[in-house]
Amino acid sequence: MYTKKKTAERRERGITMKFTVENPDEKRSPYTGMTREHWISISHFFLEGIFEHVEKIEDPIVVGRHETKVSYPQPDGPKWRIAAERFEGLARSFLIAAPLLHNEPEAAAGGYSLKEYYSKQILLSVTPGTPNYLLRVEEIFPEAQEGEMAFQHTCECASLVIGLSMCREVIWENYAKEERDRIADYLSNFGHSYTGHHNWRLFNMLILAFLDREGYPVDHGMMRDHAAAILSYYAGDGWYRDGHLFDYYCPWAFHVYGPLWNQWYGYEKEPYMAAKIEEYSNRLVETFHRMFDEEGHVTMWGRSGIYRSAASAPLAANFLLKNPAADPGLARRIASGAVLQFATREECFYEGVPCLGFYGPFQPLIQTYSCAASPFWIANAFVCLALPEDHPFWTDTERNGVWEEMKEREVRTTVLDGPGIVVDNHKDTGITEFRTAKVLMKKDNPSLNTYSRLSFNSQFLWEDFDFKGIEAMQYSVTYDGRPKSLIPNILMYGGVKDGVLYRKEYFEFEFTFQNQASIDLADFPVADGIVRVDRTRIPDKPYTLTLGSYGMPDVDRSGVDVRIRTDQVTGAKAILLKSSEGQMAMVIYGGFDDIEIMSRQGVSAVTKQSCIMYGVSRRRKYYEYLPYAMISVILTKKSQEEWRDEDLFPIRSISYADKEKCGAYGPIVLEMKDGRTVSVDYEGLEGRLHI
């Protein structure tokens, strides 16, 4: 359905898919210039790109596809997947169109009345016999794989009811009773069916809540079971465990759909559970804003990366609650900063719509349940347009939270024991890093690359694993005679003690810790990065162990400037990288044989070519007393100014408990140039580990 004529005309006129904030309000929004009117404008911007793929009003939204190996539908896939692709195009784009229609009932895109288009398409989609019919549960089952019981349609039905609620007076109320009954019957078919045992429970809760509010019969026991399951996932600090993991799904799914459910159903009919949802949302917003950098940007982390600025949605959705706790000026600043992070970058778009990637197309981020329309879930952030014009979210002056509060060279660290996340806001660089744990995945899980990292950085994104021995922000071990290197697939949380975060990771964990290679992890922040004092526990030999830095993308293809420096006092060796993206340095103090650099192709989410620094440690004999403590520093900044010696080499001296200075046992004490004394002691770590 992609209309190449429309895009060709756009290109001939020199128009690119890149949003510009015109007439910014620098008084009310000193950081982004964005007002409510700009949010309405950006809604039009996204919808115009989407509707380039619609030739006539009867056509479903099926957008251009740049990737076919992982995303669906596949040529040999079931036919219902083709229907699911159309459903994602309809329901997720409707999440952008619906709040716009709430504000502009006569809004248009691509020359079509949005009111007319979505009214017609929703009816066609639920009506058997039409070309756009999307199938019911019982019609999908014959094509389902063995054991498959939950389907993409359930997810999209939830988006549909959110949209119908947001512009209720424009579309839903203008249907005839028979048409509303037909739509409700279709929604009930999925709302009362089997669902996934994770955030999908919320989809069914919203479908049932919508039906109940509109006077249709629902199974209240089923509703109560779903809601109780959602509450049981709560881990603390405002975070839910989504099935088995912590990532952006936890905030933007649980803390957007939860408040909506409270409004529609919970406050009236399940007050205890509604109060808990409100309590948990308010707990989240106390600290969630610290996971964004000084520009309000999202960090690429977890499998929901293709939804981009959806990560900011919980801050706005908090205001749907009766007693919200979020700071309205801060919430708007982050929501606006996050949406501009992507909408202002032309490379984020493919044929007029957000691509399957983070910035440009990036296959390692794509899931088998993704289709070309999946990124439209950025629309969750547009829940803010459901808030009225006079709401403090729109009228308060933008604030920048901790970034306004910190002193020069300060690092503000936030410890979240519930999800096992430690967030570091670096005042000097404006960069946010977070160190995560409580990760457990199969060693061959394709999403391992999005979770198994020692830290995540808002400026320098994780790079894909290639299992060739050197990986970004992770250890990798290669045994002699084995062609493929090993990557940690379990990362356990040991808590923070005296400012040091303790964790432990195992390589290719399956069912037992015995005989398995592991590393005890200890790290703490400095002004521009993170100091690592890790300890190897690798029984098999011979091996080569490496620790990679973040990747440095060569965006403008002018090359990455490389320099080497040595600290004359400690003997530490540093490699420094500089490009148009900023600067990075990796310093090794002990445990590594050397530090090296290499160029890589096709692993960066930003560009085809990148560089990575890595420390190397080689062990040949099974039992010998050589350094166990791997001491390193990885520093990053956006600016081009030179590193000061006290920043580049932040450690003044290192003391060990053992006379050989190998660090196999006892505390390791670091005297820092900023005046701190940091003691790293692994005693008792095994008893403190959580997953």
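**Around isoleucine 277**

Modeller: Setting aside the neighbours within four places in sequence, isoleucine 277 is in contact with Leu231, Tyr240, Gly258, Pro259, Trp261 and Asn262. Bear in mind that this is a predicted model. Isoleucine 277 itself sits in helix α11. Is isoleucine 277 buried or exposed? Its relative accessibility is 4%, and buried means under 20%, so isoleucine 277 counts as buried.

Leu231 is one of the buried residues of α9, along with Met223, His226, Ala227, Ala229 and Ile230. Helix α9 covers residues 220-232, which makes 13 residues. From its first C-alpha to its last α9 reaches 18 Å, close to the 18 Å expected at 1.5 Å a residue. As for spacing, an α-helix has 3.6 residues a turn, so residues three or four places apart point the same way. And what covers the buried residues of α9? The cover includes the helices α8 (200-213), α10 (249-269) and α11 (271-285), as well as the strands β3 (234-236) and β4 (239-240).

Helix α7 runs over residues 177-191, 15 residues in total, and spans 20 Å between its first and last C-alpha atoms, close to the 21 Å expected at 1.5 Å a residue.

Stepping back, the largest nonpolar core has 159 residues, and Trp39, Phe51, Tyr118 and Tyr257 touch the most other members. Helix α3 (residues 79-103) gives the largest share of this core, 13 residues. Apart from it lies another core, this one of 41 residues, with Met473, Leu491, Leu577 and Met630 among them. For a sense of distance along the chain, take isoleucine 277 and glutamine 514: they are 237 residues apart in sequence, and their C-alpha atoms are separated by 41 Å.

On the surface, Phe141, Met149 and Tyr194 form a nonpolar patch with about 280 Å² of accessible area together. Phenylalanine 141 lies in the loop between α5 (137-140) and α6 (152-166). With a relative accessible area of 38%, phenylalanine 141 is partly exposed.

A few backbone details in the loops are worth a look too. Between α11 and α12 (313-317) there is a loop that holds arginine 308. Arginine 308 has a positive phi of about 50° although it is not a glycine, and at 4% relative accessibility it counts as buried. Lysine 438, in the loop between β9 (431-436) and β10 (439-440), also has a positive phi, near 55°. Lysine 438 counts as buried as well, at 8% relative accessibility.

Then there are the cis peptide bonds. The one from tyrosine 72 to proline 73 has omega near 0°, and proline 73 is in the loop between α2 (36-50) and α3. Lysine 541 and proline 542 are also joined by a cis peptide bond, with omega about -10°. You'll find proline 542 in the loop between β16 (529-537) and β17 (543-548).

Key
Residues are numbered from 1 along each chain as its sequence is written. This is a predicted model: local features need pLDDT of at least 70, side-chain atom pairs count only at pLDDT 80 or more; totals for chains, interfaces and linings use all residues. Side-chain values use heavy atoms; hydrogens and water are left out. Patches are made of residues with over 30% relative accessible area and no salt bridge: like charges are joined within 9 Å, nonpolar side chains (Val, Leu, Ile, Met, Phe, Trp, Tyr) within 5 Å. Accessible areas come from the Shrake-Rupley method with a 1.4 Å probe; for residues, only the protein chains shown count as cover. A salt bridge is a side-chain nitrogen of Lys or Arg within 4 Å of a carboxyl oxygen of Asp or Glu. Helices (H or I, at least four residues) and strands (E, at least two) are DSSP runs, numbered from the N terminus. Buried means under 20% relative accessible area, exposed over 50%, partly exposed in between (1.4 Å probe, protein chains only). A nonpolar core is a set of buried Ala, Val, Leu, Ile, Met, Phe, Trp, Tyr and Cys residues joined through side-chain atoms within 4.5 Å. The expected span of a helix is 1.5 Å times one less than its number of residues. Contact means heavy atoms within 4.5 Å.
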